[in-house]
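These are my notebook entries on one protein chain. I set down what I looked up, entry by entry.

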Amino acid sequence: MNSNIKNFLKIAEKISFVQQFNQCVTVASQRVKEYIGFEDPECKLKVRNSMLSDIFLMTYINRSVQCKVADTISCTRMTEEQAMLMGADWVWAVHDAPSKNPKLQIAVQVIHMEKEREEVEEKRFKSSESMKLARAETINKTNHEKIVDFCSSIGSDCYGLFLFFGCNGDPKAICGVLSNDFQARLGNGQELGDAFLLECMEKTKNFVTPGRMLELILQKDGPSEDLKPICVKFT
């Protein structure tokens, strides 16, 4: 086959799975948006923060299977112990077609702007022994630091995505901040917290879609400096 045709087919395949990923994430985000701030008139039903993450993942996984993109981009939910150790709720991995090895990964940490004290207290009293051990190992690190350390341990092909359920004064907005270079900020002695991440989104003029986010980090040289960190609009 002519090399030009081969290159064209590779580009077409790349565009196809990027578009499918964007569609799957958009559908999942819209489903979560429906349930954020849900109020039962009889006060018998309550959507907990952890349920919103589950709704997102179930919708995304179901859609990715329907679109036949799951083999190209896998989605791995972390166990409670893994989430405690690594600070990640799930990991997306883009796999190289011939080898099936991941060529890049996106570790996702969901941040709920509406904190739930009851849920935190409940987890504290129901912790298993393995959870207590995981907590003891990371007691001196914030969740933000954990996911940055996890990404750094894998290398520059692993990106951290802080995914906000509620941001910029809109409780139903879903936005994110992505980078593979958060470690540099910590290394300079600067804090990496919600305030910094929200400030990134407030200042940016270049929100991108989830599909565009994937395109940018799949580029040979990665995203340009003026787009770092990448701010992503999910809804």
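Before the entries, I define my elements: helices (H or I, at least four residues) and strands (E, at least two) are DSSP runs, numbered from the N terminus. I note that this is a predicted model, in which local features need pLDDT of at least 70, side-chain atom pairs count only at pLDDT 80 or more, and totals for chains, interfaces and linings use all residues. Residues are numbered from 1 along each chain as its sequence is written, and side-chain values use heavy atoms, with hydrogens and water left out.

**Entry 1: confidence.** I looked up pLDDT, the predictor's confidence in each residue, from 0 to 100. The chain has a mean of 86, and 86% of its residues reach 70 or more. Confidence is highest in strand β1 (residues 73-77), at 97, and lowest in helix α4 (residues 117-125), at a mean of 47. Where pLDDT is low, the predicted coordinates should not be read in detail.

**Entry 2: helix α2.** I checked the length of α2 (residues 49-66). The expected span of a helix is 1.5 Å times one less than its number of residues. For the 18 residues of α2 this gives 26 Å, and the end C-alpha atoms are 26 Å apart, so the two agree. Lys-68, which follows α2, has a positive phi, near 60 degrees.

I then looked up burial (buried means under 20% relative accessible area, exposed over 50%, partly exposed in between, with a 1.4 Å probe and protein chains only). Among the buried residues of α2 are Leu-52, Phe-56, Thr-59, Tyr-60 and Ser-64.

**Entry 3: Cys-24.** This residue lies in helix α1. Is Cys-24 buried or exposed? It counts as buried, because its relative accessibility is 0%. I looked up its contacts (heavy atoms within 4.5 Å). Leaving aside neighbours within four places in sequence, Cys-24 is in contact with Tyr-60, Arg-63, Ser-64, Cys-67 and Val-69. Cys-24 and Thr-59 are 35 residues apart in sequence, yet 7.9 Å apart in space, C-alpha to C-alpha.

**Entry 4: the cores.** A nonpolar core is a set of buried Ala, Val, Leu, Ile, Met, Phe, Trp, Tyr and Cys residues joined through side-chain atoms within 4.5 Å. The largest has 39 residues, and Phe-56, Tyr-60, Ile-73 and Leu-214 are among those with the most contacts inside it. Helix α1 gives the largest share of this core, seven residues. A second, separate core has 25 residues, including Met-78 and Cys-151.

**Entry 5: helix α9.** Seven of the nine residues of α9 (residues 210-218) are buried, including Met-213 and Leu-214. Ile-73 touches Leu-214, and also Tyr-60 of α2.
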